[in-house]
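Subject: Structure handover

Hi,

Here is the structure for you to take over. My notes on what turned up follow below it.

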Amino acid sequence: MSADDGLDDLLNDLEEALVAPSSTARAPAASKPAEAPPQRETKTKEDESLDDLLEDLLDEDIPVVKCAVPRPAQVDAAAAGAVAQCKGTKCSPVFLAGADTECGQGSHAQRRACDHLRCTKCDFAVLRFLNVTWKPEVDYLFFRNNMPDKAKLATSLGRKSGTASYCCQCSWRSADQGKVSTVAEDTELRWVCGGH
């Protein structure tokens, strides 16, 4: 018996099993004796070692890291100054501040200058320069042509201690020392926190 004959027999048996009992099923070829299906080959040593490796990988405990911000009721007086910073959390509200203000994730309790600003108008990251201010002659085309080249942008910055200067491709601002403001206060800015 050839391999094709065995395959035909298996297909006929499968067809009989799938046909509904009410319909007439095709009988297997009577001229051919029924044979037992061919036995699978035994696993080789390579197959067994691969199976063992896969089992080892699936059995390993994968640690799950959860990022949680404590609720106000869970924060005690000693930890009131520490805010949990997790990847994916954003500033609320988004602050701009001078060079003397700490950077990081800002909140109403922690007034920090956001250092992950992104502009939704031009889709550029917002750059921050410390202890300098924008010269009065800078304009839209200057930023449009020179962003994000920090060396070219630095040509239009003047020294001013404590000031932080921000820019994207379409907007620019300087924040004086000790002054903390929110991005929402300036209706022309389309800057958002990109996440911490």
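Contacts first. Take those in the protein between residues at least 6 apart in sequence: 56% of them join residues at least 24 apart. Please keep in mind that this is a predicted model.

The fold itself has 4 helices and 7 strands. Read from the N terminus, the order of elements is α-α-β-β-β-α-α-β-β-β-β.

Burial and surface come next. The protein has 196 residues, and 28% of them count as buried. Its accessible surface is about 14,000 Å². Carbon and sulfur atoms account for 54% of that surface.

Now the aromatics. Searching the whole structure gives 5 aromatic pairs. One of them joins Trp-134 and Phe-143. The ring centres of Trp-134 and Phe-143 are 4.9 Å apart and the planes stand at 85°, so this pair is edge-to-face. An angle over 60 degrees is what that label requires.

Are these two residues buried or exposed? Trp-134 has 8% relative accessibility, so it counts as buried. Phe-143 is at 0% and counts as buried too. The cut-off for buried is under 20%.

Phe-143 also pairs with Trp-172. This pair is stacked, with 4.7 Å from centre to centre and 20° between the planes. Where do the two partners sit? Phe-143 is in helix α3 (residues 140–146), while Trp-172 is in strand β5 (residues 172–175). The pair therefore ties together parts that are 29 residues apart in sequence. Trp-172 has 25% relative accessibility, so it counts as partly exposed.

These contacts belong to a wider group. Phe-129, Trp-134, Phe-142, Phe-143 and Trp-172 make up one aromatic cluster.

Last, the surface. Which residues make the nonpolar surface patch of about 290 Å²? They are Leu-7, Leu-11 and Leu-14. Leu-14 is located in helix α1 (residues 3–18). At 48% relative accessibility, Leu-14 counts as partly exposed. Why does Leu-14 count as partly exposed at 48%? Exposed would need over 50%, and buried means under 20%, so 48% falls in between.

In short, there are two places to look at. One is the aromatic cluster that includes Phe-143 and Trp-172. The other is the leucine patch made by Leu-7, Leu-11 and Leu-14.

Best wishes

Conventions
Residues numbered from 1 in each chain as written. Predicted model: local features only at pLDDT ≥ 70, side-chain atom pairs only at ≥ 80, totals over all residues. Heavy atoms only, no water. Helix = DSSP H or I, 4+ residues; strand = E, 2+ residues; numbered from the N terminus. Buried < 20%, exposed > 50% of the residue type's maximum accessible area, 1.4 Å probe, protein only. Contact = heavy atoms within 4.5 Å. Areas by Shrake-Rupley, 256 points an atom, 1.4 Å probe, with all protein chains shown as cover. Phe/Tyr/Trp six-rings, centres within 6.5 Å; stacked < 30°, edge-to-face > 60°. Patch = residues over 30% accessible without salt bridge, like charges linked within 9 Å, V, L, I, M, F, W, Y side chains within 5 Å. Salt bridge = Lys/Arg side-chain N within 4 Å of Asp/Glu carboxyl O.
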